[in-house]
Amino acid sequence: MPEDTADSESRINRRHYLAMTAAGVSAIAGCSGGGGGGGDEATDTDTDTSTEMDDSGEMTTTSESDMSGEAIPLASFCPLSGAGGAFGPGQQAGFNLAVEDMNNAGGVLGGRQFNAINRNTETKPSRAASKLQTVISNENIEAFVGTWSSGVSATLAPIAADNEIMQMGNGTTSPTLASQGWVDTDDGPLKYMGRTSPNDGAQGIAMGGVMNDTIEAESAAFMHVDNPYGAGLARNASDAFDGETTAMVPVAKQTSDYSSALDKVFADDPDVFGLIVYPANGRSILKQWNRGGYGGTLLMSESMFLQDLFNDLSDIVADSYITTVRPNRNPSYEYFNGALQTRMDQEPTTFSHHSYDSAMLIGLAAHKAGEFSGTAIAQNIQSVSRPPGEEVFAGSEEFEKAKGLIDEGTEINYQGASSNTNLNCFVEPYNRFSGNRLVSGDGGINVERVSSIPADFFEGKLYSDDMISEFCE
């Protein structure tokens, strides 16, 4: 379960908001200088870029654009602190790189450029919800990219859908989110919550494959973070495992002593220790697991994929396993890795590629629709992402090419830095996955791939017939 959820009565309804602005309330659409929120959203609107400190103590940047036409506010919500703090800076940099590329290509809709509005979720559902509500009120956004943590995204999704705002998740993977963000319209259900990150039904299959075919285990027990991500992935991994699951033990992110939880996990001496947590608490769990001599073969989820952590705990994690999503090594992937380092001075982190792709797809969908509104983006985002359109890739030149093709009436197929980004009915792609072994090397841990699953393997395996019947037919 999430740490907490936003009170549905506090959601800001877009129709109510627009009625208020029509009555004379000051609207701040198209600029990034909105105040409010106890002062934590204040920016300097007279400069090209402005730096703010929110009340979590984290610095965020809002960019301003010189352009003809009204600026388009586009927001990111990334975890710059909290459980996801190790990954957030790379994700925010990926988003900002996409905004810069789209602006360098002349923006969208005849020259309208983007203002990047960056917010720190703190990896806390209630804080992220409060900041989203403030951005809706002050900036009048129609779309945003975010976020890492399924618990946070599950809290933001109903707020976005209630306000007809398009949310593209960049690092949120819980299978339950396939059912989030749907709104009934005259033309059928429309989904305002999509993602370029994978559905963890696929990672569950990948974890099951490692246990079945690589480790050849007969029993397994899982410790998972107590939120939609952890519970969903543990359940899917267990379902894909051919052996016996002896325990499912949820743990809170705030806990520091995991001895009682570890005792429960190893009560029946499982062959595999499935660990689905975040680095902030995973480090402590691994140390206590090692000190206690619990045994078992360690298998971790992608949320623990952090090279510094592996190197720091090399004696503990050597000869363990971890599953990861595998980006396509296409021109977008190569471009993104180079541009993020040279232009953003940032190394790629987990799901930073997805932040870039989420923003680019929003821009392309709006340009095809001929308007920047949440509904128009939701209606068009699938069509710019998949065959049979002409392939286009990452970068400003490719974005300009894509706009030209759209203007000519040619269908396009954006090939992302994270995957081929072919969005299905649930506005999410199938991704490639790999199983990996962590082995000792010079100076730390090396990651060696032991199995690979192509994206199309997961087609027909992630959604129930009832879900398809309700939303896709």
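## What covers helix α11

The cover over the buried residues of α11 includes α2 (88–104) and α12 (352–369); buried means under 20% relative accessible area with a 1.4 Å probe, protein chains only. Those buried residues are S332, Y333, F336, N337, A339 and L340. This is a predicted model, in which local features need pLDDT of at least 70, side-chain atom pairs count only at pLDDT 80 or more, and totals for chains, interfaces and linings use all residues. Residues are numbered from 1 along each chain as its sequence is written, and side-chain values use heavy atoms, with hydrogens and water left out.

Helix α11 spans residues 331–344, with helices taken as DSSP runs (H or I, at least four residues) and strands likewise (E, at least two), numbered from the N terminus. From first C-alpha to last, its 14 residues reach 19 Å, close to the 20 Å expected at 1.5 Å a residue; the expected span is 1.5 Å times one less than the number of residues. After α11 comes D345, whose phi is positive, near 50°.

## The open sheet

Have a look at the sheet next: 7 strands form an open, mixed sheet in the order β11-β10-β12-β13-β14-β17-β18. Strands β11 (244–251) and β18 (444–453) stand at the edges with a single partner strand each, so one side of each has no neighbour in the sheet; pairing requires at least two DSSP bridges between two strands. The twist averages 25° from one strand to the next, with angles running from 0 to 180 degrees between N-to-C directions of axes fitted to C-alpha atoms, for helices over the stretch in contact.

Strands β12 (residues 272–276) and β13 (residues 297–300) run parallel, joined by 4 bridges, and G274 stands opposite L299 in β13. Helix α8 (residues 279–292) packs on the sheet, touching β10, β12 and β13, where contact means heavy atoms within 4.5 Å. The direction of α8 makes about 160° with that of β12.

## Helices α3 and α4

Helix α3 (residues 125–139) packs with helix α4 (residues 150–162) at an angle of about 35°, and their axes are 9 Å apart.

Definitions and conventions. Buried means under 20% relative accessible area, exposed over 50%, partly exposed in between (1.4 Å probe, protein chains only).
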